[in-house]
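Load the model in a viewer and switch to a cartoon view. The stops below follow one after another.

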Amino acid sequence: MSTQFSSSSALNVAIIGTGVIGAAWATGFLAAGHSVTAFDPADGAEHRLREQVEKIDAEAHRDCTSVLDNLTFAPSLAEAVADADFVQENGPERLEVKQSMLAEIDAAAPEVAVIASSTSGFSPSQLSAQATKAPGRIVVGHPFNPAHLVPLVEVVPSSATSAEVIERAMETYRAVGKKPILVRAELPGHVANRLQAAMWQEAYSLVDRGVVSVSDIDTAISYGPGLRWAILGPLAQQSLSGGSGGMRHVLDHLGPPQEVWMHDLKKVHLGEDLKEKLIAGVDEELQDRDPAVLAKQRDDMLLELIALKRKYGELP
């Protein structure tokens, strides 16, 4: 695959599946000046997409009037991807559905188009299993909820993916203000979900053993390391704790006790008793809080945090 590409060029982007994630992708590409052609077979999908784009832009204090002029809703998947430079698939998280959709996209899209899936756990080799035209250009492009705000995107290629396709995917995401990372192996859940799962495992275990309450788990993270992790990741933050000696000092002097803690972490089975403990704990923690208000506050704080990251040069 070879084509002229510039991260500053306006692209023809196809968005397949226009639910919460698809709408967020559409908004991001439109706001960055790209043309978006969308498709979703659900009744009323076009109306909901336009409403969602308007809502997201209003929350970000942007005028969506002009960007909506660059949004087209296609009557079929094949027509949506026919002229695409980049395709973002956002179908249901069911492997057989995604395989079928991506095979159809692969057959209809120009061979130079990069095809990315928003899947949260499937590998590109699994996703491209039914594609026959150019399966190597199918990659994972996994965002994080709320996808219109959180910059991270995980890009996962397969062994059949060329370096050019990888770079085009990375550059496309950078051009819409995202912070992509390249995941160099196909693993269930990619990277960020696995890191979250490791923390959830120990959190569930501590609750199951009665060591701490659900609300105290959330306090421990959101008022402790979570504040620092939003500024620097856990490894860079760990290095800072070593002072002038950096990471070497930390690992030399704190590595042995840290290893004891790691070996003491417990595996858990998410059985009915534990699920009830977790559900009851979260219900108690949030009993006086309106979920819609809480989500709005979260998003408002995310916008302010992202603005701070831009101020300090951490984001473009």
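What kind of unit do β1, α1 and β2 make? They make a right-handed β-α-β unit; right-handed means that, with the strands pointing away from the viewer, the path from the first strand over the helix to the second runs clockwise. Helices (H or I, at least four residues) and strands (E, at least two) are DSSP runs numbered from the N terminus.

The model is predicted: local features need pLDDT of at least 70, side-chain atom pairs count only at pLDDT 80 or more, and totals for chains, interfaces and linings use all residues. Residues are numbered from 1 along each chain as its sequence is written, and side-chain values use heavy atoms, without hydrogens and water.

Select 12-16, strand β1: four of its five residues are buried, so β1 is largely enclosed by the rest of the structure. Buried means under 20% relative accessible area (1.4 Å probe, protein chains only). A14 has T37 in β2 as its bridge partner. β4 also pairs with β1 in the parallel sense, over four bridges, with I16 partnered by E89.

Next select 20-31, helix α1. Its buried residues include W25, F29 and L30. Just after α1, G33 has a positive phi of about 95°.

Now show the whole open sheet, eight strands in the order β3-β2-β1-β4-β5-β6-β7-β8 with mixed pairing. β3 (71-73) and β8 (179-182) are at the edges with a single partner strand each, so one side of each has no neighbour in the sheet.

Finish at 152-156, strand β7, joined to β8 by four bridges in parallel; E154 is opposite I181.

Technical notes: Buried means under 20% relative accessible area, exposed over 50%, partly exposed in between (1.4 Å probe, protein chains only). Two strands pair if DSSP finds at least two bridges between them.
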